[in-house]
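Take a short walk through this structure, one stop at a time. Keep the sequence beside you as you go.

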Amino acid sequence: MTIWPAVRSSLCFLILVGAFLCQPQHLSGQASANPLTEQQVRDKASALLKQMTPDEKIAQLSQLPGLPAPEFRENVSQPMEEILKKYGAGSVLWVSDPKEIDRLQHVAVEQSRLHIPVLFGLDVIHGYHTIFPAPIAMASSWDTKMVEGAQAVAAQEARAAGIQWTFAPMVDIARDARWGRMVEGAGEDPFLGAAMARAQVLGFQGKELSAPDRVLACVKHFAGYGAADGGRDYDSSYIPEEEMWNIYLPPFKAALDAGVGSVMSAYMDLNDVPASGNPWLLDEVLRKSWGFQGFVVSDAFAVRSLTTHGYARDNQDAAHKAFTAGLNMDMASGVYLKYLPIELQQGHISMQQIDNAVLPILETKFRMGLFEHPYTDESRLEQTLNDPTHRQMARAAVQRSTVLLRNEGRLLPLDKNGKTGKAIHSIAVIGPLGDAQDDLLSMWGAMTKPGPTVSVVQGIRDKVGSDVSVAYAHGPNLTRQFPSPFEGIPIVPMKEQPAQTPQEAQQSIQDAVALARRSDVAVVVLGEIDLMSAEYASRSSLRLSNGQQELLEAVAGTGKPVVLVLINGRPLDITWAAEHVPAILEAWYPGSEGGHGIADLLFGDANPSGHLPVSWPRSAGQLPLYYNHTLTQNPETAPNFKSRYWDLPSTPLYPFGYGLSYTTFSFDNLKVTPTARVGGKIVGETSVGGTNKGTNKETIAVSADVTNTGGRAGDTVVQLYIHQRAGSASRPVRQLKGFERLTLEPGAKRTVHFTLAKDELQFWSPIEKKWTVEPAQFDVWVGEDSTAKLHGEFRLTE
Ligand code: BGC
């Protein structure tokens with residue numbers, strides 16, 4: 001880093017004042033009882049900024065990697081502590097040990113000139129110690145309150161350990177299951193994605209960021225990462241503007257509306273401009289259109305990668321392009337630290353630009369109360385991490401997230417005590433994920449400080465006690481053809497299962513079959529180890545890999561009843577199972593209490609209620625696949641429409657929104673008012689004109705009756721879809737525009753009410769180049785998934 005002697009000496013008076021002003025007042029871990037007002041935040045940040053040297057400012061724009069490996073230090077030769085002492089730093093990431101965090105914070109606060117605390121960031125994606133189900137699972141619950149509560153627990157545990165900033169929520173829309181990172185988000189739909197984004201931001205940040213049990217959230221990856229060509233992680237995305245506005249951006253906007261304090265820019269090229277140096281994304285959309293006041297951090301090394309992308313000539317150019325595009329903080333690459341001083345000296349960027357970039361970072365630190373309370377309070381740690389309510393919540397989350405895909409002949413729930421006359425005396429738990437622990441946490445869950453994890457076989461044993469014998473056979477081991485580059489990095493504890501010879505794999509299948517023959521029922525647990533999904537984990541096929549399909553067919557061939565439990569981060573090719581295996585439960589990566597939650601569902605102590613947040617493909621050949629596509633020139637009712645491939649139906653195996661229960665629900669009495677055309681008769685008209693700038697307050701009310709028609713209490717997710725029949729652009733065949741999860745006792749009926757207003761009816765028109773609500777005829781459907789039949793209509797007039 002360049003030192004600026006002249007500027008420094010002229011600031012010597014201010015330095016003394018600043019040292020006094022910035023000395024921490026109370027060195028405890030408790031956050032402010034009286035949070036600062038926004039005016040105080042702004043005043044304090046501006047006053048501090050005036051005291052800072054250029055080098056100190058640029059250090060605030062830098063996030064230092066906490067990993068010692070040389071490849072992480074290409075542009076940063078000085079040891080972290082030296083940088084902290086000399087200049088401070090905006091943030092440090094990848095340090096998860098509370099003691100080490102505290103030690104580094106003491107260095108920054110006590111030994112740097114201006115005593116500015118560091119913001120410690122980590123990927124606390126679905127739990128820190130108590131790991132909740134992975135985000136795709138939590139989205140399957142369609143339960144925003146539960147999701148908010150789960151992330152509040154994650155925030156509480158992380159903050160007690162010294163983490164003040166989480167790189168979540170991840171809100172990338174994913175329509176291609178080959179892409180490994182589908183597991184980290186809420187699936188394919190912008191409306192559900194927006195609801196999950198809001199819930200997570202509220203869970204992490206709460207209402208008051210300075211509270212001692214909240215963390216700063218960071219919505220990521222801005223934007224379009226999920227559309228990577230061919231589903232290959234990091235590949236370019238090509239997304240037309242209308243698709244950005246209508247599909248990919250709404251969850252980000254929802255996170256902003258919920259008050260998210262930071263945004264992470266994505267890695268990939270968006271329409272040939274890397275997202276981390278993309279002025280359209282970072283300035284036009286984020287700041288000019290949405291008025292974002294927080295700060296943007298790059299994804300890891302993404303500033304340096306602008307050179308690798310072939311977008312920047314060299315690393316100085318990379319620093320220039322990212323900085324002038326609107327990126328405040330460089331994650332880990334050290335390029336800002338090394339080259340922004342040179343950029344400034346050479347006059348390519350101005351001090352005013354630097355100040356504008358630093359201010360939101362300082363403001364965030366003041367808003368969070370970090371100056372007053374920079375340190376962790378270790379006395380709270382153990383108690384917080386071991387709070388028994390956290391595990392209870394995680395178990396309930398598994399119950400609410402797991403999706404029952406098939407239940408032929410009502411095989412489930414299993415009867416452990418003979419109440420139905422079909423009592424089970426012996427259970428075979430089979431499959432390479434049946435005894436898995438870390439693999440139930442998924443990649444990010446395994447990387448924080450996870451507590452103990454309950455495997456599926458353990459969960460079943462705990463449930464049935466000693467009356468029922470439970471034996472386990474592993475079956476073939478799970479390995480990747482190409483290993484993950486994450487394996488072996490110090491903070492990444494994930495491992496593949498050991499490689500086997502073909503003979504060993506065969507033997508493992510025979511052992512499993514022999515066990516199934518000796519048992520009353522087989523619970524077969526298949527899917528993907530954690531290294532097979534998330535980052536660096538795209539795949540070309542969705543098949544049950546490593547002989548798992550063969551294992552499943554062999555076990556089913558014994559004639560014993562089989563329940564398939566899937567542990568995975570994306571839909572897999574289960575077309576064979578969907579015809580031959582009577583019961584299928586999709587548990588995703590269920591987290592610390594996975595085994596208990598799954599056992600609760602298997603034995604009917606909880607009733608499955610998850611619904612798919614993605615369309616489930618029959619095979620990878622259908623990808624990308626999403627329910628909210630537009631229509632074609634062939635009527636959907638034409639006999640050949642459903643097989644646009646000659647070798648595969650066009651429909652998904654299971655539609656978006658789908659999920660079964662041990663009870664059943666019926667939907668009727670749809671009412672649309674006003675302007676409803678129910679049974680072919682127009683009963684009213686209203687006017688919903690205007691654009692997003694309009695003042696239209698009129699709404700369409702939709703209601704439907706939902707009845708529990710089965711014999712036990714259960715939850716369903718009532719979903720509302722609309723379709724605009726004609727307009728300035730083709731509109732999707734269906735779009736989710738409302739949902740409500742509700743519990744009904746057997747026989748109980750409830751009327752569910754939805755409102756369609758401007759937000760639900762508008763779209764970004766590629767012809768109008770703006771948001772518009774158009775006069776048109778609309779269809780509306782209410783039901784349990786995206787193929788809902790209960791139908792009504794309404795018309796919007798000029
Ligand atoms: C991932 C981000 C993550 C960051 C920090 C990157 O490789 O893409 O999602 O937040 O690392 O760990």
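The model is a predicted one. Is alanine 211 buried or exposed? Buried means under 20% relative accessible area. Alanine 211 has 17%, so it counts as buried. Now look from alanine 211 to glycine 595. In sequence, 384 residues separate the two. In space, their C-alpha atoms are 33 Å apart.

The next stop is another loop. Threonine 130 lies between β3 (119–122) and α7 (135–140). Its relative accessibility is 1%, and therefore threonine 130 is buried too. What does threonine 130 touch, leaving aside residues up to four places away in sequence? The list is Glu157, Leu385, His390, Arg391, Ala394 and Ser592. With glutamate 157 there is also a polar contact. It joins the two side chains at 2.6 Å.

Move on to the ligand. How many residues surround it? There are 14, and the closest are Asp123, Arg181, Lys220, His221 and Asp299. By kind, the shell holds eight nonpolar residues, one polar residue and five charged ones. An N or O atom in the side chain of aspartate 123 is 2.4 Å from a ligand oxygen. For the side chain of arginine 181, the distance from a ligand oxygen to an N or O atom is 2.7 Å. For the side chain of lysine 220, it is 2.8 Å. How much of the ligand does the protein cover? On its own, the ligand has 310 Å² of accessible area, and the protein covers 96% of that.

The last stop is helix α20, residues 456–464. Its buried residues are Val456, Val457, Gly459, Ile460, Lys463 and Val464. Where on the helix do these buried residues lie? Look down the axis of α20. The buried residues fall within an arc of 160 degrees, so they line one face of the helix. An α-helix has 3.6 residues a turn, so residues three or four places apart point the same way.

What do the buried residues of α20 pack against? Two of the partners are helices: α18 (388–401) and α24 (594–602). The others are strands: β12 (426–430), β13 (469–473) and β14 (521–527). Just past the end of α20 comes glycine 465. Glycine 465 takes a positive phi of about 65 degrees.

Methods
Residues numbered from 1 in each chain as written. Predicted model: local features only at pLDDT ≥ 70, side-chain atom pairs only at ≥ 80, totals over all residues. Heavy atoms only, no water. Near = heavy atom within 4 Å. Polar contact = N/O pair within 3.5 Å; in protein donor to acceptor, adjacent residues only side chain to side chain. Areas by Shrake-Rupley, 256 points an atom, 1.4 Å probe, with all protein chains shown as cover. Nonpolar A, V, L, I, M, F, W, Y, C, P; charged D, E, K, R; others polar. Buried < 20%, exposed > 50% of the residue type's maximum accessible area, 1.4 Å probe, protein only. Helix = DSSP H or I, 4+ residues; strand = E, 2+ residues; numbered from the N terminus. Arc of directions from axis to C-beta. Contact = heavy atoms within 4.5 Å.
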